[in-house]
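Visitor: I would like to go through this structure with you, starting with the overall fold and then turning to the ligand. Could you display it, please?

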Amino acid sequence: MASSEFADSADRPIVVASNRLPFTVQRRSDGLSVQAAPGGLVSALDPVLCHQGGTWIGWPGLELRAGEKMPVPDRPYAIAPVQLTDTELQRYYHGFSNRTLWPLLHSMPGRSRFDRRDFEVYAVVNQRFAEAMVERSDGAGLVWIHDYHLMLSPRRVREELVRDVALAFFLHVPFPPYDIFRLLPWDRELLSSLLACDLIGFHVRGYARNFLDCVERTLGARVDHSTMLVEYGGRTTRVCALPIGTEFETFDDLARAARTRAAGEEKVVLGVDRLDYTKGIPERMRAFERLLELHPEHRERVVLLQLAVPSRAQVAEYRQLKQEIDGLVGAINGRFATARWSPIRYLYRSLDRGDLAGLYRDADVALVTPLRDGMNLVAKEWVACQVSDPGVLVLSRLAGAAETMREALLVNPYDLDGTAEAIHRALTMDEDERRSRIAALRRREQRDDLEAWTNAFVRAAAVASEELPTMGDTEFAGWLSDFIKQYRVALFLDYDGTLTPLCDHPDEAVLSPEMREVLRGCAARDDTDVAIVSGRSLEGVRRIVGEADLTYAGNHGLEIAGPGMPHFAHEDLVHYRERAEDLAEQLDRIATDGAWTERKGPTLTFHYRSVPETQRAGLIREARALVQRAGYQPRAAHCAVEARPPIGWDKGRAVLHILRARYGPAWSESVRVIYAGDDETDEDAFRFLSGLAMTFRIGSPDSPTAAARRLPGVDAVRALLGWLARRPPGKT
Ligand code: ADP
Ligand code: G6P
């Protein structure tokens with residue numbers, strides 16, 4: 001995509017889509033009312049849309065009843081509500097989003113529940129969001145999708161979106177390492193959907209790196225780790241790490257205007273969170289309890305003020321957490337309280353921003369100790385509110401915010417003693433040190449505030465990705481040098497779609513001179529053996545390749561001939577020759593509109609490439625039925641139905657046969673196997689060779705593959721063979 005494509009898009013309105021609108025509608029006895037939605041995402045995006053104009057697409061927070069009209073607060077941008085039924089809410093939001101993805105993305109897989117029905121409803125709801133985005137995208141410069149609720153939307157939007165609108169995604173939560181993300185049964189669907197975007201943003205480099213690792217290893221996408229570009233499905237996606245900021249000036253102003261706290265009270269250690277198990281609230285309370293044990297001098301002098309906004313109370317884990325916290329508050333207070341003092345003051349409610357800013361300002365210590373957090377805006381808001389006598393920030397090193405807020409006292413929230421000591425240090429820190437730390441934190445947060453973040457993201461989205469450089473030697477060397485070392489290479493190559501582009505008629509698929517040259521280059525090496533494994537007949541593939549010294553496996557490996565091994569024909573083939581001719585005649589009879597039957601001795605292929613799309617389904621059904629009735633297995637190929645004898649033999653078995661025949665049963669000790677193919681029939685070989693070989697699936701980015709890597713097309717195969725032909729010599 002040319003970089004001029006989204007040229008003026010940064011100035012155009014934006015379509016924002018997130019699960020939540022910036023407000024939630026609630027039903028009370030006196031009718032419907034609106035309330036600001038909780039959480040960092042809303043705090044971040046409302047100012048963006050106020051500034052830029054556009055539309056916010058999201059769920060209003062409740063299902064309207066017949067005759068009810070949704071109250072919409074007055075905002076300087078359009079609101080497009082997406083309605084969800086109760087079941088959808090249950091499965092898409094409470095289910096897949098909050099019981100499956102939320103814990104998984106926070107690296108807490110033990111809490112994740114995997115339910116196929118939840119995923120299906122998630123897909124339906126994502127489709128509905130996508131339709132709303134496309135509908136609202138006219139004239140917009142950017143469609144910007146937010147967070148884990150909508151990871152399946154990008155693909156759907158891309159299918160319909162006009163070309164000069166940039167499509168971007170930002171994840172507000174962490175992205176976990178490959179080993180965790182791959183626990184998700186639908187990891188491929190989510191990853192490939194995200195790659196329909198032009199730009200994907202994460203808070204910190206670590207999350208971006210995890211994502212790149214996942215798309216490379218799960219999808220076999222091509223990744224340039226230094227530029228963070230991903231090539232997949234014929235398009236390039238840029239990945240970036242852009243830590244979100246807060247509305248620094250707003251909080252600074254609110255803090256200055258807030259009512260002053262009466263002097264002479266106890267010191268306040270403040271916690272502010274949604275009531276969520278990722279926030280580490282019980283651990284924090286225990287750490288505070290530990291402080292009182294280790295440093296009794298703080299008793300009656302310090303209080304932990306914990307604010308918790310109610311959140312996701314329909315999910316069992318959240319209800320249990322609430323009970324646990326209630327119990328802990330009671331237990332700790334019961335243990336330490338005196339007639340005039342209780343160690344924990346606990347408020348289970350939302351506060352308005354002015355009051356919150358006052359509390360932030362007056363707190364002596366901010367205790368921000370999530371067990372895992374994408375960023376954590378509370379830490380940043382608190383810093384913005386340190387306008388007079390500054391406090392100390394104690395921050396979990398497992399929050400994204402810890403990547404940049406180095407001047408905080410960083411703690412491991414699981415380490416109660418360590419956290420208790422950090423609180424002690426914060427409570428006893430002298431003013432000079434407090435001022436130095438806060439000054440540095442404030443400088444950075446003021447510079448990297450929310451507006452800076454938004455501008456940077458919108459600017460980045462307006463510059464379309466440059467393409468990755470063509471696949472080259474460095475890449476191949478990186479993948480293969482260590483694998484091959486000094487070993488002999490057994491190179492297995494499919495023909496159609498791998499060595500030549502797919503053509504209307506098999507006779508047209510001839511090797512290009514360049515491909516022939518690199519193929520010969522490989523075959524001429526003493527340390528390399530080349531085998532062509534094809535669905536064509538043995539004679540057919542040998543004729544069209546026309547290179548004498550290669551091994552050929554025809555009919556998906558049912559017949560094999562090559563140097564250094566006896567001719568092989570599967571023993572059951574004789575039974576199929578006659579049957580194949582009968583079947584071919586039946587297929588000829590249904591072959592209309594350019595469909596035709598390729599006769600390959602004991603097997604055959606029914607081609608329908610020239611048949612108009614609208615007539616294909618019926619024809620395929622008929623052909624498959626005939627194939628089955630004749631005692632063959634029908635298998636889908638590129639615009640063709642293959643008739644395969646059901647004799648448990650496939651390209652995987654054929655490769656094994658060749659390896660054993662040529663190199664003996666201990667073949668894996670002497671050769672390194674490389675296999676490249678583009679077809680479903682090659683998947684048999686990929687599966688058989690998994691862990692034993694380096695396998696490449698050519699093209700078809702959307703089809704799942706058992707291959708280790710993907711190559712975009714025939715040109716990349718040529719480049720790969722070129723590298724193999726030129727590589728330093730190995731064992732002969
Ligand atoms: P998350 O996005 O997981 O909820 P963040 O720390 O990034 O966590 O964002 C939390 C947001 O919710 C902040 O903007 C914070 O001001 C707001 N918030 C948290 N607790 C309260 C509360 N008790 N009352 C009002 N706002 C709150
Ligand atoms: C986090 C998520 C947001 C979400 C918010 C509140 O910040 O990243 O997407 O909106 O929590 O959670 P809720 O489930 O109430 O929307």
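Visitor: What percentage of the residues in the protein is buried?

Guide: This is a predicted model. Of the 732 residues in the protein, 58% are buried. The accessible surface comes to about 29800 Å², and carbon and sulfur atoms hold 47% of that surface.

Visitor: How many helices and strands does the protein have?

Guide: There are 23 helices and 29 strands. The C-alpha trace spans about 100 × 65 × 50 Å along its principal axes. Among contacts with a separation of 6 or more, 70% are between residues 24 or more positions apart.

Visitor: Which domains are assigned?

Guide: The domain assignment gives domain 1 (11-241), domain 2 (249-447), domain 3 (473-570 + 649-726) and domain 4 (575-644). Between the C-alpha centres of domain 2 and domain 3 there are 61 Å.

Visitor: Which residues come nearest to ligand 1?

Guide: Arg 274, Lys 279, Leu 351, Leu 377 and Glu 381 come nearest, out of 18 residues around ligand 1. By class, that shell has eight nonpolar, five polar and five charged residues.

Visitor: How much of the accessible area of ligand 1 does the protein cover?

Guide: On its own, ligand 1 has 570 Å² of accessible area, and the protein covers 89% of it. Elements that give two or more residues to the shell are helix H1 (40-52), strand S12 (267-274), strand S13 (302-309), helix H11 (353-362) and helix H12 (377-384).

Visitor: Let us return to Lys 279. Is that residue buried or exposed?

Guide: Lys 279 has a relative accessible area of 11%, so it counts as buried, the limit being under 20%. This residue is found in the loop between S12 and helix H9 (281-294).

Visitor: Which side chain does the side chain of Lys 279 make a polar contact with?

Guide: The partner is the side chain of Asp 373, at 2.9 Å. Beyond its neighbours within four places in sequence, Lys 279 is in contact with residues including Arg 274, Arg 284, Thr 369 and Asn 376.

Definitions and conventions
Residues are numbered from 1 along each chain as its sequence is written. Chains are lettered from A and ligands numbered from 1 in the order in which they are written. This is a predicted model: local features need pLDDT of at least 70, side-chain atom pairs count only at pLDDT 80 or more; totals for chains, interfaces and linings use all residues. Side-chain values use heavy atoms; hydrogens and water are left out. Domain bounds come from an automatic or database domain assignment. A residue is near a molecule or strand if one of its heavy atoms lies within 4 Å of it. Accessible areas come from the Shrake-Rupley method with a 1.4 Å probe; for residues, only the protein chains shown count as cover. Helices (H or I, at least four residues) and strands (E, at least two) are DSSP runs, numbered from the N terminus. Ala, Val, Leu, Ile, Met, Phe, Trp, Tyr, Cys and Pro count as nonpolar, Asp, Glu, Lys and Arg as charged, and the others, Gly among them, as polar. Buried means under 20% relative accessible area, exposed over 50%, partly exposed in between (1.4 Å probe, protein chains only). Contact means heavy atoms within 4.5 Å. A polar contact is a pair of N or O atoms within 3.5 Å; within protein, one must be able to donate a hydrogen and the other to accept it, and residues adjacent in sequence count only if both atoms are side-chain atoms.
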